[in-house]
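Please examine the sequence and the structure shown here. The paragraphs that follow lead through some of the contacts between helices and strands.

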Amino acid sequence: MFSDIAQRVRHAVYRSYVEGGIPQTEMLSRQLHIPAPAVRTALQELHAAHAIVLDARTHEPWMGHPFSSVPTAFSVEGGGRSWFANCAWDAFGIPNLVGVDAVISTACQDCEGQIVYRVENRKLVDAHGVVHFAVAAAKWWDDIGFT
């Protein structure tokens, strides 16, 4: 189980993502009225438990599955907000997690053609194509940034 501060930080990280923002230590510190060093410790605790992923250089949140803090090939737009997902699997999860109808966009890794999916009423509509996972799920955390 997480410490009380880590629980609060985790909720704030996800709230930031859901609202279309990018969580950062200083912002979380101000928002939660918790000193920045304590927020950094909580982020490390969450990272060690695979609850979030920190950027190795900045130690700021990089991923809070299914959300990405950095642009990726998987964009999701809905409810007047937009997000980047870490992979196709995560992109399909965002509309359901946030509870909005959405458009998911990416490009084919083979031909570079645009691929668009729609989610309405928590259901995938106009489903087509194939999602390919190059790494088995059991190996994702071996290199989550690559996966």
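Are α1 and α3 roughly parallel or roughly perpendicular to each other? This is a predicted model, in which local features need pLDDT of at least 70 and side-chain atom pairs count only at pLDDT 80 or more, while totals for chains, interfaces and linings use all residues. Residues are numbered from 1 along each chain as its sequence is written, and side-chain values use heavy atoms, leaving out hydrogens and water.

Two packed helices are described by the angle between their axes and the distance between the axes. The axes of helix α1 (residues 4-18) and helix α3 (residues 36-48) cross at roughly 80° and come within 9 Å; α1 and α3 are therefore roughly perpendicular to each other (the term covers angles of 65 to 115 degrees). On the α1 side, the contact (heavy atoms within 4.5 Å) involves Ile-5, Ala-6, Val-9, Arg-10 and Val-13. The residues of this contact comprise 9 nonpolar, no polar and 2 charged.

The strands come next. An open sheet is formed by 8 strands in the order β1-β2-β3-β5-β4-β6-β7-β8, with antiparallel pairing; two strands pair if DSSP finds at least two bridges between them. Its edge strands, β1 (53-54) and β8 (123-125), each pair on one side only. Helix α4 (residues 88-98) lies across several strands, including β5 (81-85), to which the helix runs at about 145°.

Within strand β7 (residues 114-120) is Val-116. Val-116 has a relative accessible area of 28% and is partly exposed (between 20% and 50%, with a 1.4 Å probe and protein chains only). Leaving aside neighbours within four places in sequence, Val-116 is in contact with Val-103, Ile-104, Ser-105 and His-128.

Notes
Axes are lines fitted to C-alpha atoms, for helices over the stretch in contact, and angles run from 0 to 180 degrees between N-to-C directions. Helices (H or I, at least four residues) and strands (E, at least two) are DSSP runs, numbered from the N terminus. Angles under 35 degrees count as roughly parallel, over 145 as roughly antiparallel, 65 to 115 as roughly perpendicular and the rest as oblique. Ala, Val, Leu, Ile, Met, Phe, Trp, Tyr, Cys and Pro count as nonpolar, Asp, Glu, Lys and Arg as charged, and the others, Gly among them, as polar.
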